[in-house]
Amino acid sequence: TNKADVVVPVANVPVQKNHRTNIVGSLFTQDANFNIIIDQNFDQPDNNVIIPFIDPAGVGEAVQEPGATVNIAPGSELTINMSQLAEGVTINGNGSTIIFENGNAAEHRINTENVVIENVTILNHDYNTTPLTLNSNNVTLRNVEFEDISSSYGIAINGNDPDGEILLENVTIDGSTARVGRGLFIHGKNTIRIINCYLDATYPFNCDGSQGDVIVENSTLLGWTSWNNDYNGDGTQHTVTFTNCKFGKGYTGYATVRPYTTSYFTNCEFSADVVFSPCNSCTSTFTNCTIPDLTAFLPAHNNAVGSFAIIDGVTYTYNSGGEAWEVVE
């Protein structure tokens, strides 16, 4: 009847904040009347939550509380001993600058799990010391810019748990201000995710002893980019994938892509400067990529013997006798 309530149970409905969820289907087998009621309780002031900010002087103590979220007062300049971070700490810099200037290399090392550092600029005055070394297995750097590095590495990644993950999102290492040899030095077993990053260094990232997958998306890599992540001795082929990435000449003049292991490039853009120079008899697959001149992109290089480049379904291999790449029939 018109006065009877109709209840239709619907299980396992996914909802998402600030999104509308529609339930679609045949709810009734006959006509029904609906009453729409506007709950006046919603016509009230919003509940505004004020996040407390911490002055630089209190940050050192705050980051030693496990699971703490430390909201640094916007625009601050401060020092943080990274080796004192408790597990699960999130540092929200709110546009602040973290300065390393104590001359103690240990203060640059993150040794605890599930740490998040976001919305900061890192300025390194401890020259020849890596600004950040990630010795734990689950660390996120988000909206972090490195300046004035003047060291061999920008970020050293050493996590040894194959189930761990390092996420770098919106991380910037600009060669014009950073002056660094290897933007990222990856030496561990974690999966590395590099998302929306800008890396300009002699080597934007380099894996000399990595044993995990590397996933790069929507990022710019300028310089000599090389990787070898098959160092575990059992022949396991970990992969490196690039999606929607740009490759070009770095501030030191290098413009080289050198894989040592299985690699995939999808919707990537290579500047006219970039040369592909694989080693170690590996296969690289390019799908829907922008390559200005294929002859320049595939130069004569004896280290490429035994390697394959699959470009939009066409397979090329290097012929050392002819000193050129040729199509595999």
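Analyst: Let us begin with burial, where a residue counts as buried when its relative accessible area is under 20%. The model shown here is predicted, and in it Trp227 has a relative accessible area of 0%, so this residue is buried. Phe242 is likewise buried, with a relative accessible area of 0%.

User: How many aromatic pairs does a search of the whole structure find?

Analyst: The search of the whole structure gives 20 aromatic pairs. In one of them, Trp224 and Tyr254 have ring centres 5.4 Å apart and planes at 90 degrees, and because planes over 60 degrees apart count as edge-to-face, that is how this pair is classed. Trp224 belongs to strand S16 (residues 224–227), whereas Tyr254 sits in the loop between strand S18 (246–248) and strand S19 (256–259), so that the pair links distant parts of the chain, 30 residues apart. Tyr254 is partly exposed, at a relative accessible area of 37%.

User: Why is the pair of Trp227 and Phe242 called tilted?

Analyst: The planes of Trp227 and Phe242 stand at 55 degrees, with the ring centres 5.0 Å apart, so the pair is tilted. Trp227 lies in strand S16 and Phe242 in strand S17 (residues 240–243), and the pair therefore ties together parts that are 15 residues apart in sequence. Both residues also belong to one aromatic cluster, whose members include Phe205, Phe247, Tyr318 and Trp325.

User: Which residue lies over the face of Tyr203?

Analyst: That residue is Arg182, which is placed at 5.7 Å from the ring centre of Tyr203.

User: How should I read the cysteines, and how many disulfides are counted?

Analyst: In general, a disulfide is a covalent bond between the sulfur atoms of two cysteines. In this structure the count comes to 0 disulfides. Cys289 is in no disulfide, and the nearest cysteine sulfur, that of Cys268, is 4.7 Å away, while the cut-off for a disulfide is within 2.5 Å. Cys289 is buried, with a relative accessible area of 15%, and Cys207 also counts as buried, at 1% relative accessibility.

User: In what order do the 8 strands of the open sheet come?

Analyst: The order is S4-S6-S8-S10-S13-S16-S19-S22, and the pairing is parallel. Strand S4 (109–110) and strand S22 (275–276) are the edge strands, each of which pairs on one side only. S4 is joined to strand S6 (residues 132–134) by 2 bridges, and these two strands run parallel. Within S6, Thr133 stands opposite Arg109.

Note on methods
Residues numbered from 1 in each chain as written. Predicted model: local features only at pLDDT ≥ 70, side-chain atom pairs only at ≥ 80, totals over all residues. Heavy atoms only, no water. Phe/Tyr/Trp six-rings, centres within 6.5 Å; stacked < 30°, edge-to-face > 60°. Helix = DSSP H or I, 4+ residues; strand = E, 2+ residues; numbered from the N terminus. Buried < 20%, exposed > 50% of the residue type's maximum accessible area, 1.4 Å probe, protein only. Lys NZ or Arg CZ within 6 Å of the ring centre and 35° of its normal. Pairing = 2+ DSSP bridges.
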